[in-house]
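Subject: Structure handover

Hello,

Here is the structure for you to look over. My notes on what was found in it follow below.

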Amino acid sequence: MANQLCDKLGIEYPIFAFTHCRDVVVAVSKAGGIGVLGAVGFSPEQLKEELDWIDEHIGDRPYGVDIVIPQKYEGMGDMSAEALEKKLWEIVPQEHIDFAQKLLADHGVPEWPDGSTSMGLMGWTEATATPLLEEALTRPKCKLIANALGTPPADKIRQVQDSGRLIGALCGKVKQAVAHKEAGLDFVVAQGGEGGGHTGDVGSVVLWPQIVDAIGDLPMLAAGGIGNGRQIAAALAMGAAGVWTGSLWLTVEEAHTQPAQKQSLLDATSEDTVRSRSWTGKSCRMLKNDWTEAWARDDTPDPLGMPLQGLVTSDGIRRTAVYADKGECQKVAFNPCGQVIGQINQVESCRQVMQRLLEEYVDAVEKAGSMLPG
């Protein structure tokens with residue numbers, strides 16, 4: 001599985017693990033892949049604390065950081081986070097705030113201890129993502145930066161590459177991948193519509209080879225539907241330079257996921273997910289529940305665009321994560337995951353997952369090879 005991308009990053013296997021849990025980052029990197037910490041939701045101070053811990057525990061292994069700078073969002077161009085947030089709050093309808101708070105209260109989700117009802121912008125803008133990027137670039141072991149929504153701004157691309165690191169971005173369409181290449185990115189993450197989080201409409205098996213053909217020798221990482229070694233073999237057979245995984249790490253031993261939330265994910269089938277704008281304002285795949293259905297009804301408010309919807313729902317994100325087992329919390333919880341969640345039904349350690357993936361990959365390759373004429 002080793003290739004030039006592995007050599008550049010100093011990893012054994014081109015298995016990228018996107019996660020919001022620092023323990024998972026460390027465990028996957030130590031097992032030969034590379035953990036990528038999702039920074040959205042962290043303040044610069046919180047991210048510093050997380051990266052301090054990672055640097056202390058990861059040894060000489062590399063890791064990455066994922067930020068979110070959407071290509072289009074309300075208030076684009078305003079680089080004062082405080083001024084931008086104030087301006088955005090002025091256009092958030094009160095009915096959206098009231099609706100979100102009522103959903104949480106009706107399902108018995110405890111209020112936040114200090115009585116606040118928002119986490120603010122949470123890094124969904126260039127103004128809030130820039131300090132996170134700058135913190136990541138102070139870390140010698142951080143070898144790559146990824147942008148989750150669209151092509152990063154040109155100055156950010158130069159900043160990362162001038163520091164000697166690789167920078168890439170996710171996409172769900174061929175034209176987005178081409179735009180990434182034309183912007184000079186070092187790699188592209190092609191995420192099929194069955195993937196968790198923000199996804200497009202096209203399925204992975206159709207999307208991956210089209211993007212490989214469109215971007216030529218630029219490395220493509222396959223995302224969306226990767227849960228076992230057979231799927232890794234399929235992705236590499238279609239021309240991927242590696243795989244970008246996410247849902248796979250939600251239920252591992254090292255994950256910070258609360259037990260009740262973890263059980264919801266373990267119990268879920270592939271049919272239990274839905275793409276919804278109800279949490280972030282952009283189409284995002286997650287477990288469907290009372291929350292997603294409530295926002296989809298004709299007689300309720302329509303989700304706002306990003307980052308406005310995030311201002312409304314950030315309180316729900318933290319409360320349903322922390323109070324996962326209280327009341328009927330799981331009926332209104334934010335549980336982003338891909339359709340591959342249906343084949344994830346037991347708790348494993350990160351090292352066990354990595355070992356399983358490699359063994360399944362070898363078996364799949366050997367089986368395919370045996371079908372060739374002698």
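Strand E7 and strand E11 (residues 284-287) pair in the antiparallel sense, over two bridges. Helices (H or I, at least four residues) and strands (E, at least two) are DSSP runs, numbered from the N terminus. Two strands count as paired if DSSP finds at least two bridges between them.

Before going on, some ground rules. This is a predicted model, so local features need pLDDT of at least 70, side-chain atom pairs count only at pLDDT 80 or more, and totals for chains, interfaces and linings use all residues. Residues are numbered from 1 along each chain as its sequence is written, and side-chain values use heavy atoms, with hydrogens and water left out.

Back to the sheet. Three strands make it up, in the order E7-E11-E10. The sheet is open and its pairing antiparallel. E7 (197-198) and E10 (273-276) stand at the edges. Each has a single partner strand, so one side of each is left without a neighbour in the sheet. His 198 has Cys 284 of E11 as its bridge partner.

Thr 273 lies in strand E10. Is Thr 273 buried or exposed? Thr 273 is buried, with a relative accessible area of 9%. Buried means under 20% relative accessible area, exposed over 50%, and partly exposed in between (1.4 Å probe, protein chains only). The side chain of Thr 273 makes a polar contact of 3.0 Å with the side chain of Arg 285. A polar contact is a pair of N or O atoms within 3.5 Å; within protein, one must be able to donate a hydrogen and the other to accept it, and residues adjacent in sequence count only if both atoms are side-chain atoms. Not counting residues up to four places away in sequence, Thr 273 also touches others, including Met 286, Leu 287, Cys 337 and Ile 341. Contact here means heavy atoms within 4.5 Å.

**Two domains**

The protein is divided into domain 1 (4-70 + 124-254 + 344-370) and domain 2 (81-121 + 270-332). The bounds come from an automatic or database domain assignment. The domain centres, taken over C-alpha atoms, are separated by 26 Å. Domain 1 gives 16 residues to the contact and domain 2 gives twelve residues. About 1,100 Å² is buried between them, and carbon and sulfur atoms give 63% of that. Buried area is the accessible area (1.4 Å probe) that two parts lose on being put together, summed over both.

**Helix H10**

Which residues of H10 (229-237) are buried? They are Gly 229, Ile 232, Ala 233 and Ala 235. The arc is that of the directions from the helix axis to the C-beta atoms. Arg 230 and Ala 237 are exposed on the other side. The buried residues pack against strand E1 (15-19), helix H9 (204-215), strand E8 (220-223), strand E9 (242-245) and H14.

Both ends of H10 are worth a look. At the start, a side-chain oxygen of Asn 228 reaches to within 3.1 Å of the backbone nitrogen of Arg 230. Just after the helix, Gly 239 takes a positive phi of about 110°.

**Helix H7 and strand E5**

In H7 (residues 154-162), Lys 156, Ile 157 and Val 160 are buried. Their arc around the axis is only 100°, which puts them on the same side of H7. They pack against helix H6 (126-136), strand E4 (142-147) and strand E5 (166-171). Gly 164 follows H7, with a positive phi near 90°.

Gly 168 sits in E5. Gly 168 is buried, with a relative accessible area of 0%. Its C-alpha atom is 4.8 Å from that of Ala 146, 22 residues apart along the chain. Leaving aside neighbours within four places in sequence, the contacts of Gly 168 include Ile 145, Asn 147, Leu 185 and Phe 187.

**Two loop residues**

Pro 307 is in the loop between helix H12 (290-296) and helix H13 (308-322). The peptide bond from Met 306 to Pro 307 is cis, with omega near 5°.

Glu 348 is in the loop between H13 and helix H14 (350-370). Glu 348 is buried, at 13% relative accessible area. Its side chain joins that of Arg 356 in a polar contact of 3.2 Å.

Best wishes
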